[in-house]
Amino acid sequence: MPIVELLRVALEALRVNLMRSILTMLGIIIGVAAVIAMVTVGAGAQAEIDRQISSLGSNLFMVMSGARSRGGVRTASGTEMRLTEADARALKAEIPEIVAAAPTMRGAAQVVVGNTNWSTTIQGIDNEYLVARGWQIDEGRDLEPQEIRSGSKVALLGSRVATELFGAGNAIGQTVRIKNVPFVVVGTLVEKGQSSMGFDQDDIAMIPLEAARGRVLGRAGPRSDTVSVIFVSVAEGWMMDDVERQIAEVLRQRYRVRPGADDPFGIRNMSEIVETRAEARQVFNMLLTAVASVSLVVGGIGIMNIMLVSVTERTREIGLRMAVGAKGRDILLQFLVEAVTLCLIGGVLGILIALVITFGIARIAEWPVLLQWPVVVLALGFSGAIGIFFGFYPARKAAAKDPIEALRTE
Amino acid sequence: MLVCEDLHKDYIVGNETVRALDGVSVRVERGEFLSVMGPSGSGKSTFMNMVGCLDTPTRGRIVVDGETVSELSRDALAEVRNRKIGFVFQQFHLLGRTSALDNVELPLLYAGVPRPERVVRAEQALERVGLRDRMGHVPAQLSGGQQQRVAIARALVNRPVVLLADEPTGALDSATGVEIMELFQELNEGGITVLVVTHEPEVAGYARRVLRFRDGRVIADERQPARMTA
C-alpha cells in the first residue's frame with residue numbers, strides 16, 4: 001500500500017479516538033519538550049560559562065603563598081614563605097611563555113567621596129595587572145609606571161564603584177578617600193560582570209602596590225615587597241601544564257626547596273576552576289536530560305500500550321483487510337505508521353512547547369538562547385524511532401493474526 | 001475452475017483430533033451457482049475457508065483458477081485472495097467512518113492499483129449493485145441491505161473468478177434477503193461463479209447446485225433444475 005494511503009488510514013484512526021491519541025502523545029510531548037529544553041538551556045549556561053572564563057582572563061594562573069592543602073592541614077614549620085614582587089619579575093624573566101606576571105595585594109576598605117561612601121575591594125597592583133587579568137580602561141588611563149614605583153595616590157575604579165560613588169557623573173580627576181588617604185581617580189574600567197563564583201568583579205578599586213602597603217592595607221609580610229598573590233597570564237597556544245611546571249621549578253629554586261619536599265606555594269589554574277564548575281553543571285544537565293529521556297521511554301511504553309489496545313479493538317478490521325488481500329507486511333506497516341505518526345505529532349508538539357520554555361527561561365535568566373537545530377532534528381528522529389521501537393511489537397502482533405479468527409471476533 | 005481433491009483438515013483440541021474435513025472432493029465449473037448447506041459443525045465453513053484461501057488443508061489439494069493454492073505461504077495466499085476471490089460476509093465487515101466508495105476501493109489498494117483507476121473501478125462496482133447515488137455515505141448512513149450491497153461491490157471490484165458468500169442474508173430481514181439473492185442471481189447470469197454457504201433452505205433454493213455437508217464429508221451433491229427466482 002502506498003505510504004500516502006497508510007498515512008491517511010493512520011490519521012483517520014488517530015482522529016477517531018482523538019482524546020485517547022492526545023493523552024497517549026502526552027508522554028512523548030513532555031519527553032521531547034524536556035530533552036530539548038534541557039539541552040538548549042544547558043547550551044545557554046555553557047555559553048555563559050565560556051563568557052565568564054574569557055572575562056577571567058584566559059590562560060591565567062594564580063600563584064599563592066602557603067602549602068597547597070589537600071584534605072588536611074599542611075603547614076610544615078620552616079617552609080613558610082611569602083611571595084614577593086621580585087618573584088613575579090623572576091617568573092616573567094625566566095619563562096618566556098609568560099605574558100604578564102602581576103604581584104597583587106588585596107583587602108577591603110571604605111571608599112569615601114563627600115558624604116557618600118562605598119565598601120569595596122582594594123587591589124594593590126602594578127603595571128602587569130590589567131594585562132594579566134584582561135581588564136580594559138573605559139575612561140581615563142592606566143596607572144603610569146612612575147606612579148607604581150613611587151606609590152602615588154592614584155586609583156582606577158571598577159564600573160560598579162564608579163557608579164555607586166559618582167552616579168552618571170564623570171569620576172576622572174575626582175578625589176576619593178580610602179582609609180582617609182586621598183586618591184585621585186585617573187581611570188575607570190570596562191565592565192566585566194559576575195565572576196564564576198558570583199562575585200561582582202566590577203566592585204573594585206585599584207591602587208599602586210606601594211600605596212596599598214602604606215596606610216591602606218598595611219604590609220603583607222616580613223619583607224617590604226611581599227605580596228599575597230601573583231597573577232600569571234600565559235600566551236595563547238602554550239600548554240598550561242608545562243608552564244605550571246616551569247613556574248613551580250623557578251619558585252622551588254628561588255626558595256631552595258629540597259627535592260621531594262612539598263611546594264611552599266600553590267598554583268591554581270583559574271580557567272580550570274571555572275571548567276570544573278562547568279563540568280559539575282554538565283553532569284547535572286546530563287542527569288536532567290537522562291530523566292527527560294526516561295519520560296520519553298515511558299511515553300513510548302504508553303504508545304505501545306495504546307497500540308495494543310487499538311490492535312485488539314480492530315481485530316475484525318485486520319481480518320477483513322487480510323481477507324481482501326492485505327499481506328502481513330501491509331498490516332505491520334499500517335500499525336507501525338500509526339504509531340510513528342502518533343509519536344511524530346507528539347514530537348512536533350513537544351518541540352513547540354520546548355521553544356516556549358527555552359525562550360521563557362532565557363528571558364528570565366538573561367542567557368543567550370542557543371536553539372540547537374541538530375537537537376531538534378534529533379529529538380524528532382528519536383520520537384520517530386520510539387514509534388518504530390514501541391510500535392513494532394503491537395504491529396507484529398496485528399500482522400500475525402489469523403484472518404479466520406480475526407473475522408470471527410465480535 | 002475450482003478443484004478440491006480429497007481435502008482433510010484436522011484440528012487438535014486438547015488430546016483429541018477433530019476432523020473438520022474428512023475427504024472432500026468437489027469440482028466447480030466456471031459460471032456455476034452453488035450453495036453449500038449443512039448443520040453447524042458439518043465442515044461447511046472450513047470448506048469455505050479453504051476455497052477462499054484463508055486456510056490450508058492438512059491433506060489434499062485445492063486448485064483455484066489453475067493455481068494450486070493448498071501449499072502456498074500466507075503472503076501468497078493473500079495475493080490469491082486479492083486477485084481471485086471475492087468475499088461477502090454475514091456481518092458485512094465494512095470499515096466504519098469510511099465512505100462506501102473507500103470501502104469498495106480497499107482490495108484495489110492492496111493490489112497496488114493507482115488512485116484514478118481505483119476510483120473509476122469502485123464507482124463501476126457500486127453502480128453494478130445499484131448504489132450509484134450512495135457512494136459518499138458511510139455504513140452508519142446505509143440500511144442493512146445497502147451495506148451488504150457495498151460489501152458485494154467490494155467483492156466484485158477486483159474482478160474475482162469466484163464470489164464466496166457466507167450466510168449473506170443472515171443479518172437481513174427476509175425481504176431484503178430476497179433482494180440480495182436476486183442480486184447474486186443477476187451477477188451469476190452475468191458469468192460470475194457464486195458459492196453461497198447457508199443453513200436456510202430458501203436461500204439454497206436460488207442456487208443451481210446444492211452441496212450438503214455432514215461430519216466433514218459431502219453427503220449429497222444435487223443439481224436443481226427448477227431453482228427459485230426472485
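# Two chains, question by question

The area buried between chain A and chain B is about 2200 Å², and carbon and sulfur atoms give 58% of that area. The model discussed here is predicted.

Colleague: How many residues of each chain are in contact across the interface?

Modeller: 26 residues of chain A are in contact with 23 residues of chain B. Contact here means heavy atoms within 4.5 Å. Leu320(A), Val324(A) and Lys327(A) supply 25% of the area that chain A buries against chain B. That is more than any other three residues.

Colleague: What makes helix α10 of chain A "mostly covered"?

Modeller: The helix spans residues 315-323, and eight of its nine residues are buried. Among them are Ile318(A), Leu320(A) and Met322(A). After α10(A) comes Gly325(A), with a positive phi near 120°.

Colleague: Why is the pair Phe389(A) and Phe390(A) called edge-to-face?

Modeller: Two steps. The ring centres are 5.0 Å apart, and the limit for a pair is 6.5 Å. The planes stand at 80°, and over 60 degrees counts as edge-to-face. So the pair is edge-to-face. The structure holds four aromatic pairs over all chains.

Colleague: And what makes Phe87(B) and Phe89(B) stacked?

Modeller: Their planes are 10° apart, with 5.6 Å from centre to centre. Planes under 30 degrees apart count as stacked.

Colleague: How do you know that the charged end of Arg133(A) sits over the ring of Phe231(A)?

Modeller: The charged end of Arg133(A) is 5.2 Å from the ring centre of Phe231(A). The cut-off is 6 Å, with a further limit of 35 degrees from the ring normal. Another case is Lys192(A), which lies over the face of Trp135(A) at 4.8 Å from the ring centre.

Colleague: Which strands are at the edges of the six-stranded sheet in chain B, and why?

Modeller: The order is β6-β7-β8-β3-β9-β10, and the sheet is open with mixed pairing. β6 (85-88) and β10 (217-223) of chain B each have a single partner strand, so one side of each is left without a neighbour in the sheet. Neighbouring strands of this sheet are turned by 20° against each other on average, direction ignored.

Colleague: How do you know that β7 and β8 of chain B pair?

Modeller: Two strands pair if there are at least two bridges between them. Strands β7 (residues 162-166) and β8 (residues 193-197) of chain B share five, in the parallel sense. Ala165(B) stands opposite Val196(B) in β8(B). Helix α6 (residues 174-189) of chain B lies across β3, β6, β7 and β8 of that chain, at about 135° to β3(B).

Colleague: What is the strand order in the four-stranded sheet of chain B?

Modeller: The order is β2-β1-β4-β5, in an open sheet with antiparallel pairing. β2 (16-28) and β5 of chain B are the edge strands, each pairing on one side only. β1 (residues 2-13) of chain B is joined to β2(B) by 10 bridges. One bridge pairs Val13(B) with Glu16(B). Helix α1 (residues 44-51) of chain B lies across β1, β2 and β4 of that chain, at about 120° to β1(B).

Colleague: Why is Leu251(A) called buried?

Modeller: Its relative accessibility is 0%, so Leu251(A) counts as buried. Leu251(A) is in helix α8 (residues 240-254) of chain A. Leaving out residues up to four places away in sequence, Leu251(A) touches Val63(A), Leu83(A), Asp87(A), Leu91(A) and Phe265(A).

Notes
Residues numbered from 1 in each chain as written. Chains lettered and ligands numbered in written order. Predicted model: local features only at pLDDT ≥ 70, side-chain atom pairs only at ≥ 80, totals over all residues. Heavy atoms only, no water. Phe/Tyr/Trp six-rings, centres within 6.5 Å; stacked < 30°, edge-to-face > 60°. Helix = DSSP H or I, 4+ residues; strand = E, 2+ residues; numbered from the N terminus. Axes fitted to C-alpha atoms, helices over the stretch in contact; angles between N-to-C directions. Buried area = accessible area lost by both parts, 1.4 Å probe. Buried < 20%, exposed > 50% of the residue type's maximum accessible area, 1.4 Å probe, protein only.
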